[in-house]
Amino acid sequence: MIVFVGAGPGAEDLITVRGQQYLKEADIIIYAGSLVNPGLLQVKKEGCEVYNSAYMTLEEVLEVMYAGEKEGKRIVRLHTGDPCLYGAIREQMDALEERQIPYEVCPGVSSFCGAAAALHAEYTLPDISQSVVITRMAGRTPVPDKESIRSFAAHQATMVIFLSTGMLGKLQEELMAGGYPADTPAAIVYKATWPEEKVLRCMVSELEKTAADAQVTKTALIVVGRILEGEYERSLLYHPEFTTEFRQGKQEEQADE
């Protein structure tokens, strides 16, 4: 069996219990060494083979999987965060399916969740934003035209932007051209949940300068939106006058009486 495991956002104790158990049982671990905390590998058993995929091509990763599966070994492919986001796992799963090799996916905590924790933020606040756009700037990996930063910015929803720290000048231009006012709150979260985590708060118009002043050039998420301000409407969910499936609102109780 081959298991794709989400390593979590960075901290060693933020991998899931299930994911850590797979690591303990693995005969072979192939981990994304450019982003995964190597401390997660401390639980591996004696004799476990470890490969750093940062130095490997897709074909080389697959060859390790094929050879290990042929020998009946338990293989963990360890990806950062949750592998469903920017993990390039589909091409690996398709290759395994072509050879009828069984696999499963163990989800993990994404770094965008770790960033929210670092910011003490809620991405979906009543009357402010009820949607979260997870996206990236176009770089060497293109982005479809209909999914440009500028087009998403027109919605004024909360945005979490991956893989774009090296293009912050262009990013802030596109955000403002799309409709975000220059004074829209923003934040740069460097290595969320890692010991060296940094939280840099600013406005959209200051993203490039803020990162430069802090010497942050990579491994950071950008969060944009009014959810980073202090004002919002109270949620109805726990309002004493709001009736739910489990609790009757006080006003309705009084009306019934």
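The stops below run from the whole chain to single residues and pairs.

**Before starting**

This is a predicted model, in which local features need pLDDT of at least 70 and side-chain atom pairs count only at pLDDT 80 or more, while totals for chains, interfaces and linings use all residues. Residues are numbered from 1 along each chain as its sequence is written, and side-chain values use heavy atoms, with hydrogens and water left out.

**The whole chain**

Display the protein chain as a cartoon: it has 8 helices and 10 strands. Helices (H or I, at least four residues) and strands (E, at least two) are DSSP runs, numbered from the N terminus. Along the principal axes, the C-alpha atoms fill a box of roughly 70 × 55 × 35 Å. Of the 257 residues, 43% count as buried; buried means under 20% relative accessible area, exposed over 50%, and partly exposed in between (1.4 Å probe, protein chains only). Among contacts (heavy atoms within 4.5 Å) with a separation of 6 or more, 65% are between residues 24 or more positions apart.

**Helix 2 and its cover**

Select residues 58-70, which form helix 2. The expected span of a helix is 1.5 Å times one less than its number of residues; for the 13 residues of helix 2 this gives 18 Å, in agreement with the 18 Å between its end C-alpha atoms. Colour V61, L62, V64, M65, Y66 and G68, the buried residues of this helix. Their cover includes strand 1 (2-6), strand 2 (28-31), strand 3 (49-52), strand 4 (75-79) and helix 3 (90-98). After helix 2 comes G72, with a positive phi near 75°.

**R77 in strand 4**

Next, select R77, found in strand 4. R77 is buried yet has no salt bridge, and the nearest side chain of opposite charge, E91, is 7.6 Å away. Lys and Arg count here as positive and Asp and Glu as negative; His and the chain ends are not counted. A salt bridge is a side-chain nitrogen of Lys or Arg within 4 Å of a carboxyl oxygen of Asp or Glu. The side chain of R77 does make a polar contact of 3.1 Å with that of S53. A polar contact is a pair of N or O atoms within 3.5 Å; within protein, one must be able to donate a hydrogen and the other to accept it, and residues adjacent in sequence count only if both atoms are side-chain atoms. Leaving aside residues up to four places away in sequence, R77 also touches other residues, including V3, V5, Y31, V61 and M65.

**Salt bridges**

The structure holds 11 salt bridges. Show R74 and D27, whose side chains meet at 3.6 Å, N to O. This pair links distant parts of the chain, with R74 in the loop between helix 2 and strand 4 and D27 in the loop between helix 1 (17-25) and strand 2, 47 residues apart. R74 is partly exposed at 41%, whereas D27 is buried at 18%.

Move to R90 and D94, where the closest N and O atoms are 3.0 Å apart. These two residues are separated by about one helical turn because they are 4 residues apart in helix 3.

Then select D183 and R226, a salt bridge of 3.3 Å, N to O. D183 lies in the loop between helix 6 and strand 8 (185-190) and R226 in the loop between strand 10 (220-224) and helix 8 (250-256), so the pair ties together parts 43 residues apart in sequence. Finally, salt bridges that share partners join D27, K45 and R74 into one network.

**T158 in strand 7**

Select T158 in strand 7 (residues 158-162). T158 is buried, at 1% relative accessibility. A polar atom of its side chain lies 2.9 Å from the backbone oxygen of Y123.

**Loop residues**

Which residue other than glycine has a positive phi near 65°? Select D127 to see this value; D127 is in the loop between helix 4 (111-119) and strand 6 (132-136) and is exposed, at 66%. L163 also is not a glycine and has a positive phi, of about 50°; its place is in the loop between strand 7 and helix 6 (168-178).

**Last stop: the cysteines**

There are 0 disulfides (pairs of cysteine sulfur atoms within 2.5 Å) in the structure. For C106, the nearest cysteine sulfur is that of C84, 12 Å away. C106 is buried, at 2%.
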